[in-house]
Amino acid sequence: KGIHPSLEEIRINRAADTIIEFREDYEGVEVQRTLLVHKIKNRAVPIRAIPLLIKESGLEISTTSRVV
């Protein structure tokens, strides 16, 4: 987002088979990182943001859900 003009982003999104977004949000001194899947060709996408951690070994995706 924000790298290309809006019209160009729309063209890229239509041509892409998969669109994912990594997001960082700050809550006080904590960093909350999430993965958002916007599009996967011929597949249903998750309807929630997926929490993730960045570790030395790579990305660790949280597969547990919290009930509030």
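I began with the surface: the protein has an accessible area of about 6200 Å², and 54% of that belongs to carbon and sulfur atoms. A note to myself here: this is a predicted model.

Next I looked up how much is hidden. Of the 68 residues, 12% count as buried.

Read from the N terminus, the order is α-β-β-β-β. The radius of gyration is 15 Å, well over the 11 Å the globule rule gives for 68 residues, so the protein is more spread out than a compact globule. For the overall dimensions, I noted that the C-alpha atoms fill a box of roughly 35 × 30 × 30 Å along the principal axes.

I also checked contacts along the chain. Among those between residues at least 6 apart in sequence, 9% join residues at least 24 apart.

On to charges: the mean positions of the 11 positive and 10 negative ones are 9 Å apart.

Then I picked two residues. Is threonine 34 buried or exposed? I have it as buried, because its relative accessibility is 15%, under the 20% cut-off. Threonine 34 sits in strand S2, which covers residues 30–40. Leaving out residues up to four places away in sequence, I listed its contacts as Glu21, Phe22, Arg23, Ala49, Ile50, Pro51 and Leu52.

My other pick was glutamate 27, in strand S1 (residues 18–27). Glutamate 27 is exposed, with a relative accessible area of 54%. I also looked up its separation from asparagine 13, 14 residues apart along the chain: their C-alpha atoms are separated by 30 Å.

Notes
Residues are numbered from 1 along each chain as its sequence is written. This is a predicted model: local features need pLDDT of at least 70, side-chain atom pairs count only at pLDDT 80 or more; totals for chains, interfaces and linings use all residues. Side-chain values use heavy atoms; hydrogens and water are left out. Helices (H or I, at least four residues) and strands (E, at least two) are DSSP runs, numbered from the N terminus. Buried means under 20% relative accessible area, exposed over 50%, partly exposed in between (1.4 Å probe, protein chains only). Contact means heavy atoms within 4.5 Å. The radius of gyration is taken over C-alpha atoms; the globule rule is 2.2 Å times the number of residues to the power 0.38. Accessible areas come from the Shrake-Rupley method with a 1.4 Å probe; for residues, only the protein chains shown count as cover. Lys and Arg count as positive and Asp and Glu as negative; His and the chain ends are not counted. The place of a charge is taken as NZ of Lys, CZ of Arg, CG of Asp or CD of Glu.
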